[in-house]
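Hi,

Here is the structure I promised to pass on.

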Amino acid sequence: MADHDDGALAIVLYDGAYARAHYAFVVAAGALAIGRPVIMFAAGRGVHALARDWSGLHDAGDDEQVRARGVAGMDVLREAAVELGATLMVCDAALRLCDLAPALLLDGVQVAGIPTFLEAARGRQIITL
């Protein structure tokens, strides 16, 4: 079993709402910036957050208002998470339920089932959004 006294996080994004997805990336980027390893597992409609085109998120248009107020938008946060080394995973069943092909995901996103995620998350603090 892995020992994660390094503050490692596992973030489960199960909802397809823009606000939850945005905050999941805020948490991920913040944790990574202070050296805390992060796994993000997107399930349900949350899989849209890891698609190249994340407009499938409910209220995706809110990103324009977020950016207009000087807050990092989804594109900036996703790039930061990737550049800082987040492990990104999506639920294989959720991809099928959302009719989203794996080829439409960001580069490097691992398609996995819940057992694979849970094994990777063993010993980590789990946050669900």
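Below is what I found, residue by residue.

Quick background: this is a predicted model, so local features need pLDDT of at least 70 and side-chain atom pairs count only at pLDDT 80 or more, while totals for chains, interfaces and linings use all residues. Residues are numbered from 1 along each chain as its sequence is written, and side-chain values use heavy atoms, with hydrogens and water left out.

Let's start with Asp63, which sits in helix H2 (residues 62-68); helices are DSSP runs of H or I with at least four residues, strands are runs of E with at least two, and both are numbered from the N terminus. Asp63 is buried, because its relative accessibility is 4% (buried is under 20% relative accessible area, exposed over 50%, partly exposed in between, with a 1.4 Å probe and protein chains only). Its side chain makes a polar contact of 2.8 Å with that of Arg67 (a pair of N or O atoms within 3.5 Å; within protein, one must be able to donate a hydrogen and the other to accept it, and residues adjacent in sequence count only if both atoms are side-chain atoms).

Over in strand S3 (residues 87-91) you'll find Thr87. Thr87 is partly exposed at 35%. Setting aside residues up to four places away in sequence, Thr87 touches Val38, Ile39 and Met40 (contact means heavy atoms within 4.5 Å).

Finally, the cysteines: there are zero disulfides (pairs of cysteine sulfur atoms within 2.5 Å). The sulfur of Cys98 is 9.3 Å from its closest cysteine sulfur, in Cys91, so that's too far for a bond.

Cheers
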